[in-house]
Amino acid sequence: MESLKRDQLKAAGFSDDVLPSQDKDRTWNTGNFFTVWMGSVHNIPNYIAIGGLFAIGLSVGQVFSAIVMAALILAAVMVFNGHAGSKYGLPFAMLIRSSYGNKGALFPGVIRGVIAAIMWFGFQTFAGSQALSILIGKLWPGYLTLGGDWNFFGLTLPALISFLIFWLFNVALIYGGMDILGKFTNILSPLIYIVFGGMAIWAINLAGGIGPILSYSSPGFEGNSIIVFLAAVTAIIAAWAAPMVSVSDFTRLAKTPKHQAVGQTLGLIVTYLLFAVASISIIVGSEIAFGTPIWNVLDVVARFDGTFAIAISVLTLCLTTLSVNVTGNIVPAGYQIASLFPKLFTFKSAATLAAILGILIMPWKLMENSTSIFTFLNIVAGLLAPITGVMLAHYFIVSKKKIDINELYSKNGKYNYKNGYNVNAIVATIIGAVLSLIGQFVPFFKPLYDISWFVGIVSAIVIYTILEMSKKKRSIHNKS
């Protein structure tokens, strides 16, 4: 986009943050995309989710297969939905207008970039602060007793200090910019391999070798049903429902589409293979060794011998949580708020506002009941999967990978559709969401809810394509 046009768009109220990225901004190579999502894979909630799969009776082989299948599907969707960002340099907040309309984009944008992002930013910040408290407590035991019985809305003084420190780390990465974030994930990569690889070796040794782990049989229900297996895959993918929608916020920085395609594919598959080995070894190995599975990876670390091993492991967990929080939550929230109020906010000021709101929702209160968090995650996944489906169908099937940039930034252009709304996209999203979530309220449809992400994305792709093809036929017929 030529400089004169950019100046005109800025005068119209669009900030640099929501304009197509320029060549000088396209600095991310294959290595950046290989490492960017590592923290999103290796984190505490994901390990707990794998423990849940064993709890419902899946075997080691079934859990491993579910993780691998989820990784393959995830990599494909991330690459495909990231193509437009790498080709046109568009952030999610603007890309979504091509399928939903200038005004219609507000609906999916708010769900992904505001509600889901801010809620999960608060959750992840609190989770990271718990790991930080353990780290500081190991180095300074008296830290955990500071303030005595004093508390702030349920947070003890050490917990409050750790929360605010970890929150500041997140904000610091925002102001460091996307280049700093790319370098940060590159540094984090070797730490993840060392720490989680070490945990896997530790757990295998505890279990008496790899043989007992491979021959482990869950005492619970044997999950041989295809629905049960797909539900296991869904549980792994559900945590990615939001990043899959807004992946263009990162792929817009790619040097070429090939860099993001190769980097994300290799990065997600290799990282998930390590995660599969580590998570299965840790959970099964701990059950064999101690008679009970350790589903929280922080509890695994607490059993290590030596302060240094504990410190480096907890530090890595803090950093992985920081990585997923910034990439998966605060970045899309910043872009979305900046696009909603371009004259009031830049990306950095919008992201800071989102971070402040992440404190005000008091996530430690919301996390007192773990079931409410997973219910929230399932519902958000059920809402976001149809949005991903509509985006993919529109870009690859309807528009044939062509986007008119000038029209996209025009108030009354082709992407205004009907009064700013693409009714077909909204209808497909609503129907897809209803099909995904109805099983939460009507027991007969529970199998659909168990595989909500699959139901949401497939139904939205089919419905949107049918509606758009019908509209095209009517248009041709009317012209003739």
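**Exercise 1. Cavities**

Task: State how many cavities of 30 Å³ or more the structure holds, and describe the lining of the largest cavity by residue, helix and class.

Solution. 
1. This predicted model holds two cavities of 30 Å³ or more.
2. The volume of the largest cavity is about 80 Å³.
3. Its lining consists of F80, N81, A84, L95, I96, S98, S99, M391, H394 and Y395.
4. At least two lining residues come from each of helix 5 (60–81), helix 7 (92–100) and helix 19 (370–398).
5. Helix 7 gives the largest share of this lining, four residues.
6. Sorted by class, the lining has six nonpolar and four polar residues, and no charged residues.

**Exercise 2. The second largest pocket**

Task: Give the volume of the second largest pocket, and find which helix supplies the largest share of its lining.

Solution. 
1. The second largest pocket has a volume of about 430 Å³.
2. It is lined by 16 residues, of which V398, S399, K414, E468 and K472 are the closest to the centre of the pocket.
3. Helix 19 and helix 23 (452–479) each contribute at least two residues to the lining.
4. The largest share, seven residues, comes from helix 23.
5. By class, the lining of this pocket divides into seven charged, six nonpolar and three polar residues.

**Exercise 3. Helix 8 and helix 16**

Solution. 
1. Helix 8 covers residues 106–139 and helix 16 covers residues 307–340.
2. The two helices pack at an angle of about 160 degrees, and their axes are 8 Å apart.
3. Angles over 145 degrees count as roughly antiparallel.
4. The contact of helix 8 with helix 16 has 23 nonpolar, 11 polar and two charged residues.

**Exercise 4. Helix 8 and helix 17**

Task: Classify the packing of helix 8 against helix 17 by its angle.

Solution. 
1. Helix 17 covers residues 347–360, and helix 8 packs with helix 17 at an angle of about 60 degrees.
2. The axes of helix 8 and helix 17 lie 8 Å apart.
3. Roughly parallel needs an angle under 35 degrees, and roughly perpendicular runs from 65 to 115 degrees.
4. Helix 8 and helix 17 make a right-handed crossing.

**Exercise 5. An aromatic pair**

Task: Give the count of aromatic pairs, then classify the pair of W28 and F250.

Solution. 
1. With ring centres within 6.5 Å as the rule, the count comes to 15 aromatic pairs.
2. The ring centres of W28 and F250 are 6.1 Å apart, and the planes stand at 45 degrees.
3. Planes under 30 degrees apart count as stacked, and planes over 60 degrees apart as edge-to-face.
4. The planes are at 45 degrees, so the pair is tilted.
5. W28 sits in the loop between helix 1 (3–11) and helix 2 (30–35), and F250 in helix 13 (residues 248–251).
6. The pair thus links distant parts of the chain, 222 residues apart.

Conventions
Residues numbered from 1 in each chain as written. Predicted model: local features only at pLDDT ≥ 70, side-chain atom pairs only at ≥ 80, totals over all residues. Heavy atoms only, no water. 1 Å grid on protein atoms, 1.4 Å probe; cavity = no way out; pocket = protein on both sides within 12 Å on 5 of 7 lines; lining within 4 Å. Points joined across faces, edges and corners; volume = space filled by probe spheres on them. Nonpolar A, V, L, I, M, F, W, Y, C, P; charged D, E, K, R; others polar. Axes fitted to C-alpha atoms, helices over the stretch in contact; angles between N-to-C directions. Phe/Tyr/Trp six-rings, centres within 6.5 Å; stacked < 30°, edge-to-face > 60°. Left-handed = near helix turned anticlockwise from the far one by under 90°.
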